Amino acid sequence: MEFVRIQHIDNPLFAKMHRLMQEVFPPEEVLDYELWREPLEDPDIRVFVAVHEGEVVGTTEYRYYTDLNVAMTDFTIVGREGLGVGRFLVRERQKDLEALARANGKELYGMFAEIYDPYRVEEHAFGGIKPMDPFVRREVLSHLGYKRTNIAYVHPSWQNDGEAVTGLDLGFMPANEEQTTLEADLIVSFLTRYYSVLPQKPQAWLDMVESLSGKETVELLPI
């Protein structure tokens, strides 16, 4: 299996990757095909696919913020069972992030991820792919070391229509497994940066960020 970086929408592997995303994620979570051009060419956004026998069987997008020394897992898709795709993607991503942090003269502080809560939202079928079942994914992320931030989390829709998307938790995987709190200003800085590409922010998101700005720390709780 190969871990291949995609940096342009004209890469034929990108068409396969985008089709996989459309099969797995709900429409409001998938950026339109042409709108991927700029993100893929951004050196700070890292999009990789797992390629097996010429086919895209998994993909992950993530980024590393040098000044914050944290990463964000945008998404991870396991597109085929029985190949160890999930473990392969996690291992290769972690090696890449650790190298980026070392080049920055630091050890990675941790990684954010938005995590579906199937106990609140049940309609996400994720293309019928069993490893993508939200109950399975939530337990896998817990095993990896992710915790949920103790906030009522919403995020702006990627369709940039000003709608608030609910049914997710903002997770964080600290490098120190014993860490039980996270700096609120780090969360604010991260969210503000991450969603700067979407000008249409829902009021619920603005209220959430304002509430965080008045805190020092946020609890990290089990998933």
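**Notebook: turns, sheet and helix pair**

**Entry 1: Glu53**

I started at Glu53, which is exposed, with a relative accessible area of 72%. A reminder to myself: I am reading a predicted model. I looked up the backbone of Glu53 and found a positive phi of about 55 degrees, although this residue is not a glycine. Glu53 sits in the loop between S2 and S3. Strands S2 and S3 make a hairpin there, with two residues between them, and Glu53 belongs to the turn.

I then followed the pairing away from that turn. S2 and S3 run antiparallel and are joined by eight bridges. One pair I wrote down is His52, which stands opposite Glu55 in S3.

**Entry 2: Asn69**

Next I went to the loop between S3 and S4, where Asn69 lies. Asn69 is another residue that is not a glycine, and it has a positive phi of about 55 degrees. Is Asn69 buried or exposed? I found Asn69 buried, with a relative accessible area of 8%. The cut-off for buried is under 20%, so the 8% of Asn69 falls within it. For Glu53, the 72% is to be held against the cut-off for exposed, which is over 50%.

Asn69 is in the turn of a hairpin as well: S3 and S4 form it, with four residues between them. The two strands run antiparallel, and eight bridges join S3 to S4. I noted two pairs here. Tyr65 has Val70 in S4 as its bridge partner, and Gly58 stands opposite Val78 in S4.

**Entry 3: how covered are S3 and S4?**

How many residues of S4 are buried? I got nine of nine, so S4 goes down as mostly covered. S3 is mostly covered too, with 10 of its 11 residues buried.

I also checked which helix lies across this part of the sheet. Helix H1 (residues 12–24) lies across S1, strand S2 (45–52), strand S3 (55–65) and strand S4 (70–78). Helix H1 runs at about 90 degrees to S3.

**Entry 4: from S4 to S5**

S4 and S5 pair in the parallel sense, over four bridges. In that pairing Thr73 stands opposite Ala113 in S5. To get from S4 to S5 the chain passes through helix H3 (residues 85–103), and this β-α-β crossover is right-handed.

**Entry 5: the sheet as a whole**

Time to step back and write down the strand order. The sheet is open and has nine strands, in the order S1-S2-S3-S4-S5-S9-S6-S11-S10, with mixed pairing. Which strands stand at the edges? They are strand S1 (2–5) and strand S10 (181–183); each has a single partner strand, so one side of each is left without a neighbour in the sheet. Neighbouring strands of this sheet are turned by 35 degrees against each other on average, direction ignored.

Further along that order I looked at S6 and S9. Strand S6 (residues 147–149) pairs with strand S9 (residues 168–174) in the antiparallel sense, over two bridges. Lys147 stands opposite Phe172 in S9. Helix H5 (residues 184–194) packs on the sheet and touches several strands, among them S6, S9, strand S5 (110–116) and strand S11 (217–221). The direction of H5 makes about 60 degrees with that of S10.

**Entry 6: H5 against H6**

Two packed helices are described by the angle between their axes and the distance between the axes. I looked up both for the next pair. The axes of H5 and helix H6 (residues 203–213) come within 8 Å and cross at roughly 150 degrees. Angles over 145 count as roughly antiparallel, and H5 and H6 are therefore roughly antiparallel to each other. The crossing of H5 past H6 is left-handed.

Which residues meet between the two helices? On the H5 side I listed Ala184, Ile187, Val188, Leu191 and Thr192; on the H6 side they meet Trp205, Met208, Val209, Leu212 and Ser213.

**Entry 7: Val188**

Val188 is buried, with a relative accessible area of 16%. Leaving aside neighbours within four places in sequence, Val188 is in contact with Val209, Leu212 and Ser213. I also took down one distance: Val188 and Asp42 are 146 residues apart in sequence and 22 Å apart in space, C-alpha to C-alpha.

Terms used: Residues are numbered from 1 along each chain as its sequence is written. This is a predicted model: local features need pLDDT of at least 70, side-chain atom pairs count only at pLDDT 80 or more; totals for chains, interfaces and linings use all residues. Side-chain values use heavy atoms; hydrogens and water are left out. Two strands pair if DSSP finds at least two bridges between them. Axes are lines fitted to C-alpha atoms, for helices over the stretch in contact, and angles run from 0 to 180 degrees between N-to-C directions. Contact means heavy atoms within 4.5 Å. Buried means under 20% relative accessible area, exposed over 50%, partly exposed in between (1.4 Å probe, protein chains only). A crossover is right-handed if, with the strands pointing away from the viewer, the path from the first strand over the helix to the second runs clockwise. Angles under 35 degrees count as roughly parallel, over 145 as roughly antiparallel, 65 to 115 as roughly perpendicular and the rest as oblique. A crossing is left-handed if the near helix is turned anticlockwise from the far one by less than a right angle, and right-handed if clockwise.
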